[in-house]
Amino acid sequence: MPPPLWADNTDGAGQLVHDAEFYVLKAQHGERWAVEDAGLQAKLAELKEKHGTPPNLIHIMWDDTAYGDMGIPAIQKIRGFDTPNINQMAQEGILFTRMYTEVGCTPSRAAAATGRMAVRNGMYNIGMLLESHGLDDEEVTIAEVLSEAGYATAFHGKWHLGDIEESYPHNQGFDEAFFTGYNQILSLNSDVAEQGNASLGLVEDLFPKDPFMLDDTFITKDWVQIAEGTKGGETLQWRDNSYETYEAIDPEAQKRTLEFITRNAEAGKPFYVANWPMMSTFLPTRPKNCSVARAMLQDGLQCNVDVFVGKLMDHLEELGIAENTLVIAMADNGPMSHNPPPGTGFAETIFRGGKGDFLEGGVRVPAFAWWPGMVDAGQVQGDMIHITDLFTTFASLGGAMDNIPTDRVIDGLDQTALLLNGETHGRRDYQFTYAGPRLGAVIKGNYKRHMISPDPVGEASGIPAAFYFLPTDPREVLPMMTPMIHMKRPFNRMVLRHELWKKKYPDSQEKHGIPWTGVANASDAVKAHAQPQMVLKDLPFDPLEYIEHLDQIPFDRNMDPSLGQ
């Protein structure tokens with residue numbers, strides 16, 4: 001008996017392996033997609049003939065923004081800020097209404113870089129100071145894929161994909177990198193924050209010596225706030241760990257992005273650049289004279305991110321390359337609605353939940369596409385798209401599909417048809433959303449099922465109630481058992497196919513190591529992270545042994561994480 005159609009793991013473009021659910025769709029629409037793809041390739045060939053290169057690709061991604069906070073002026077009016085340049089981008093291109101991400105910063109960034117959900121690439125932990133964790137060099141990034149196709153590649157801003165040497169972006173395929181290993185909490189890892197009690201116990205030099213302190217190794221001594229490097233070259237710490245340096249990160253990253261674009265445009269070389277801004281600070285030190293909201297989020301969006309987007313669009317027009325450049329701008333996940341620092345301005349809008357939640361508010365984000373002459377203006381698209389799709393779509397546009405590995409699941413689908421042919425040409429109607437390493441929710445079209453259920457008794461007894469119809473219940477507060485109990489088996493078989501496919505293509509494990517090795521100008525304290533035996537020579541155990549066991553914390557697969565209620 002021949003294998004079922006969905007088990008055919010080729011999609012006609014580089015024989016990529018996708019999730020099992022994709023093949024259910026391909027069996028129904030594959031012939032039509034093949035015809036559509038032929039037309040798209042002809043259109044891209046005409047574009048290359050006109051401009052001399054495949055299209056340039058720019059990905060801008062900021063933090064923690066609720067759907068509706070960008071691109072919809074009416075909601076912005078309520079929220080007390082304005083982003084005229086991003087709103088213009090929406091008017092001149094696409095406003096996505098169903099862009100899904102992962103539940104947090106590190107997972108989403110790993111998904112964008114590799115085209116694989118974070119549970120697959122081992123990057124579902126949110127990296128904090130000296131995490132000793134990072135993106136495995138066995139993963140293949142979009143920078144590596146496009147570099148092989150002749151693209152110049154650069155990363156500038158918040159990488160947040162690890163502090164181990166193999167995870168540095170210039171060791172993951174980027175020609176040049178200016179990057180942070182962590183997130184905006186770096187603004188609290190400073191003497192200014194310590195002085196104001198926004199950070200406690202990190203900068204010991206500010207205070208008298210504690211006469212009762214016995215363990216001088218417990219508190220972190222030093223780290224690398226931001227580093228820079230080039231492919232095959234040295235890694236250097238950029239400036240110091242001061243708050244002043246933190247405030248200089250985005251201006252420097254934006255300057256480098258514009259310079260990178262200019263150099264490659266003048267050289268006639270196609271390029272891919274990711275600029276992922278820090279956006280703002282968790283310290284209330286800036287003048288509150290930007291947005292009406294007078295809050296970190298709104299001020300960062302209005303007077304930092306939006307201003308840069310405006311400069312970028314103008315720069316592309318001035319260089320004469322706007323019609324050969326796709327710009328994707330988006331948030332990495334929903335608002336930090338759980339335990340946010342004071343005065344930050346995070347809030348739910350249309351959807352319930354935020355950062356860390358598998359609810360729509362945690363993973364459905366504002367996102368836009370701008371490509372003059374190629375992407376029709378004024379689109380408000382209802383098709384589903386996922387952050388992993390950018391990986392495969394960029395590879396498709398760059399003529400680099402053959403460079404994507406075929407020995408692993410690539411969650412990203414090629415959404416070129418959605419960009420160039422418009423609404424209803426998307427190729428995704430499903431999504432699996434993980435809470436750490438545990439499946440939290442599954443979406444199929446307008447239907448959603450919480451796999452981590454608010455009704456554990458019902459789930460245990462086989463009468464689940466956690467079904468939702470999103471158009472009439474976008475905040476996921478009305479679980480329906482009786483009206484949607486017929487969805488039990490369809491969702492069950494969908495999840496089982498997903499799990500069986502994972503057995504064939506197992507998830508990668510978390511990768512751990514010594515933080516900040518290979519930094520040429522590292523301080524003695526940073527270098528000491530790799531040689532604690534030199535300090536703790538009398539210990540009857542290896543003080544670095546814990547690194548091999550970091551994957552045992554903090555996740556308990558049987559936990560009941562917050563549903564944002």
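Reader: Where is the place of L130 in this structure?

Author: In this predicted model, L130 sits in the loop between α5 (118-121) and β3 (133-134). E131 and S132 are found in that loop as well.

Reader: What is noted about the phi of L130?

Author: The phi of L130 is near 55°, which is a positive value in a residue other than glycine. S132 also has a positive phi, of about 60°, although it is not a glycine.

Reader: Why is S132 called buried?

Author: The term buried applies under 20% relative accessible area. S132 has a relative accessible area of 2%, so S132 is buried.

Reader: Is E131 then to be called buried, partly exposed or exposed, and why?

Author: Partly exposed covers the values between the buried limit of under 20% and the exposed limit of over 50%. E131 has 22% relative accessibility and therefore counts as partly exposed.

Reader: What separates the C-alpha atoms of E131 and L550?

Author: A distance of 9.2 Å separates these two C-alpha atoms, although E131 and L550 are 419 residues apart along the chain.

Reader: Why is strand β8 described as largely enclosed by the rest of the structure?

Author: Strand β8 comprises residues 271-276, and six of the six residues are buried, so the strand is largely enclosed.

Reader: How do you know that both faces of β8 are covered?

Author: In a regular strand, side chains alternate between the two faces of the sheet. In β8, F271, V273 and N275 lie on one side, while Y272, A274 and W276 lie on the other, and all are buried. Both faces are covered in this way.

Reader: What makes β1 and β4 partners of β8?

Author: Two strands pair if at least two bridges are found between them. Strand β1 (residues 56-62) is joined to β8 by four bridges, and the two run parallel. Strand β4 (residues 152-158) is joined to β8 by six bridges, again in parallel.

Reader: Which residues of β8 are the bridge partners of H59 and H156?

Author: The partner of H59 in β8 is A274, and the partner of H156 in β8 is N275.

Reader: Why is helix α11 also said to be largely enclosed?

Author: Helix α11 covers residues 387-397, and eleven of the eleven residues are buried, so the helix is largely enclosed by the rest of the structure. Among the buried residues are D389, F391 and L397. The helix is followed by G399, whose phi is positive, near 65°.

Reader: What makes the contact between E21 and K444 a salt bridge?

Author: The rule asks for a side-chain nitrogen of Lys or Arg within 4 Å of a carboxyl oxygen of Asp or Glu. For E21 and K444 the distance from N to O is 2.9 Å, and the pair therefore meets the rule. This pair links distant parts of the chain, with E21 in helix α1 (residues 20-51) and K444 in strand β13 (residues 438-444), 423 residues apart. E21 and K444 also belong to a network of salt bridges that includes D429 and R497. The count by this rule comes to 31 salt bridges.

Reader: Why is the salt bridge of K448 with E476 said to tie parts together?

Author: The closest N and O atoms of K448 and E476 are 3.1 Å apart. K448 lies in strand β14 (residues 447-450) and E476 in the loop between β15 (467-469) and α14 (488-504), so the pair ties together parts that are 28 residues apart in sequence. Both residues are buried.

Note on methods: Residues numbered from 1 in each chain as written. Predicted model: local features only at pLDDT ≥ 70, side-chain atom pairs only at ≥ 80, totals over all residues. Heavy atoms only, no water. Buried < 20%, exposed > 50% of the residue type's maximum accessible area, 1.4 Å probe, protein only.
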